[in-house]
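Please keep the viewer open as you read.

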Amino acid sequence: MKKKPLDRLNKLIIFGLLTVFAVVSLLPLYWVFSTSLQLSSYQSQDMERPVSYVDSNPPKMYPMGIPLYFKHWGEAREAAKAGDAKEEEYHRDMMDHIVSNSFGSFKNLFKKHDVGKWFFNSIYIAVVVTIGILLIDSMAGYVLAKKKFPGRNLIFWIIISTMMIPGQVTLVPLFIMVGNLGLMDTHWALILPDLSMVFGVFLMRQFMYSIPDELLEAARMDGASEWRTFWTVVLPLARPGLAALGIFTFMNVWNSFLWPIIVLNTSELYTLPVGLKTLQDANLASFKLLMSGAAVAAIPMIIVFILFQRYFVKGLTLGGVKE
Amino acid sequence: MTQMPMGAVPKKKDEKLKVIGKSNGNPKKLFYEVKRNYSAYLFLLPKLILFTLFVAIPVVWAFVLSFQKYKIFGSEFVGFANYIKVFESDAFRIALKNTLLFTVVTVPFGVISALVLSTLIFELGKVSQSLFRSAFYLPTVTSMVIIAMVWRWMYNYDFGLFNYVLGWFGVGPVNWLGQSSTALWALIIMQCLIPFGVGIIMYLASMGSISQSLYEAARMDGASRFKQWIHITIPLLKPTTLYLVLLSTIGSFQVFTQIIMMTGGGPGSATETLVHLIYKTGFRDFEFGLAGAQSVVLFVIILIFSVIQFRVLRHDE
């Protein structure tokens, strides 16, 4: 049963190789965070002009504020020892400047731009859609898996056959439809089409199959209504499936881009990806600000990923994932 | 993991369209069956309403639209005029060519690198396995918008990382995204360097389900590790490989975010892709009929791949 273990040298080589690849693959993300905290204006006593490390050549691989902060900290301590109060105050001021400059673009983002609103919009749309999808799709998946009624297979096949149709095909008619319904430039224009995605119905139906019929029968014997059976027996048993579906729905909605840039026109209504695009279009010069915005958009997904990693793996291996 | 990770493919047992109950051909019985199961329909109702409004009708409409010149009041039927325009226009041909080149390079590269990386990862212990799996999957959960923004900077002419590294070797600064000779290749290189996280996770899961006794037997016969990989691992991973190739091919035909964030299809039309062209035709020029016809063509291309995927995978069950 056991694999023959590799000897230590081979293992080390493999480990080293993979580390190199992992560093390459994580470099862009690291770059986002490093640049968002990069010192953009610094002038010490011996410099004629302030320098910016954001677009310096060669590029700085880490936030320069960190070593410079410690440099001034050390010099402030020495000045204090020597009793030079003026010199000490200068270094203390520099330390304050470094901190406020390093984190400055985050403050700017929320103060001068609508990033706070975009963040809120993204969160609330993703949460509403995720909860909605979990409820609607598990209801549909449940009856499609466990109930026998006329038209069941027909309904299932109509729904499933649209899984093959890429979203871009319906872009224009959906645009007209949303316009006709008077939903253009509203959040409903994002939420309703997202709630109509069919992948979850398929996933939940597959999952509901594994629930034993005897349990449902028992609930019925006890006189539980259909809804009660669903709510108290079926849903708790489907929890792993719900977790996987919930995470992928959240991720897809959080990162969705093409449709939101088409239907949203008002800055206050933007989601983060749309907002970031307008920021990039308008603000070519300030990479620090752009990267801070990118960091704000990346952090929630990274947290979700770290917390729910095993469900990502489960969801991927349960059924293909729609990009 | 005993189950093969499969795509969205229904199990064989549902295939036949069974007529439920004994209502066969008897309207009275059918009515009774429907009435008895009213709660099932109620459970389905929310999804059905949403599905009809935002999926079913738009899908049908997309086809209708492609034969029309769209006007807010009274669209005109124009036959195949939109399609003729699609195939006669240089813009579409260039977009198709660019998308094909993008796909032909990035898909094999992505799948092969996922195979190699997961083979290496699989050799390690449990903790390092999950560590590397996460490291390679993390860029996948991050929005392409963000990744495109950083890469745009890494390709910057004056202070980008790429030109800096090239400088070490005395190779002059390259205007990566700014000239038509390199722009598409810059996007291709970028795609190749973003790890195919889904592929790595699925390969690892499949490798875990291969029986170790096969390797043991091969070892008895004195087969080297590399030979075992070629003759056992790769053939047994074939279903996963096929699934991943099709999945990423379909995804690659829909490439859009990088384009609009990094080049806007330019310079000229050097990085124009199908979906970006549809976006431009529909929502910048507001030629809905033409955009509809372009979408239908894209759909047919993707459908071909989907059907292959569906068939291949069903045979394996």
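Predicted model: local features only at pLDDT ≥ 70, side-chain atom pairs only at ≥ 80, totals over all residues.

## Where the two chains meet

Helix α15(A) passes α5(B) in a right-handed crossing. (A crossing is left-handed if the near helix is turned anticlockwise from the far one by less than a right angle, and right-handed if clockwise; helices, H or I of at least four residues, and strands, E of at least two, are DSSP runs numbered from the N terminus.) On the α15(A) side the contact is made by Met301(A), Ile302(A) and Phe305(A), and on the α5(B) side by Ser134(B), Tyr137(B), Leu138(B) and Val141(B). Contact here means heavy atoms within 4.5 Å. These residues divide into six nonpolar, one polar and no charged. For that count, Ala, Val, Leu, Ile, Met, Phe, Trp, Tyr, Cys and Pro are nonpolar, Asp, Glu, Lys and Arg are charged, and the others, Gly among them, are polar.

Two packed helices are described by the angle between their axes and the distance between the axes. (Axes are lines fitted to C-alpha atoms, for helices over the stretch in contact, and angles run from 0 to 180 degrees between N-to-C directions; under 35 degrees counts as roughly parallel, over 145 as roughly antiparallel, 65 to 115 as roughly perpendicular and the rest as oblique.)

Residues are numbered from 1 along each chain as its sequence is written, and chains are lettered from A and ligands numbered from 1 in the order in which they are written.

For the complex, the predictor gives an ipTM of 0.85 and a pTM of 0.85. pLDDT is the predictor's confidence in each residue, from 0 to 100. Chain B has a mean pLDDT of 83, with 89% of its residues at 70 or more.

## Chain B in outline

Chain B comes to 15 helices and two strands. Of its 317 residues, 51% count as buried. (Buried means under 20% relative accessible area, exposed over 50%, partly exposed in between, with a 1.4 Å probe and protein chains only.) Of the chain B contacts with a separation of 6 or more, 67% are between residues 24 or more positions apart.

Thr263(B) sits in the loop between α13 (257-262) and α14 of chain B. At 18% relative accessibility, Thr263(B) counts as buried. Beyond four places in sequence, Thr263(B) touches Leu177(B), Leu187(B), Gln258(B) and Thr271(B).

## Helices inside chain A

In chain A, helix α5 (residues 115-146) packs with helix α8 (residues 188-195) at an angle of about 30 degrees, with their axes 9 Å apart. That makes α5(A) roughly parallel to α8(A), and the crossing is right-handed. From α5(A), Ile125(A), Val128(A), Val129(A), Gly132(A), Ile133(A) and Ile136(A) meet Leu190(A), Ile191(A), Asp194(A) and Leu195(A) of α8(A). The contact divides into eight nonpolar residues, one polar and one charged.

Helix α9 (residues 199-208) of chain A is mostly covered, with nine of its 10 residues buried. Among them are Phe199(A), Phe202(A), Arg205(A) and Met208(A).

## Residues worth a click

Ser102(A) lies in helix α3 (residues 85-102) of chain A and is buried, with a relative accessible area of 7%. Its C-alpha atom is separated by 6.6 Å from that of Gly65(A), 37 residues apart along the chain. Leaving out residues up to four places away, Ser102(A) touches Ser36(A), Leu37(A), Gln38(A), Leu39(A), Gly65(A) and Lys288(A).

Most residues other than glycine have a negative phi. Asp185(A), in the loop between α7 (171-180) and α8 of chain A, has a positive phi near 60 degrees. Phe286(B), in the loop between α14 (274-283) and α15 (288-316) of chain B, has a positive phi near 55 degrees.

Methods: Heavy atoms only, no water.
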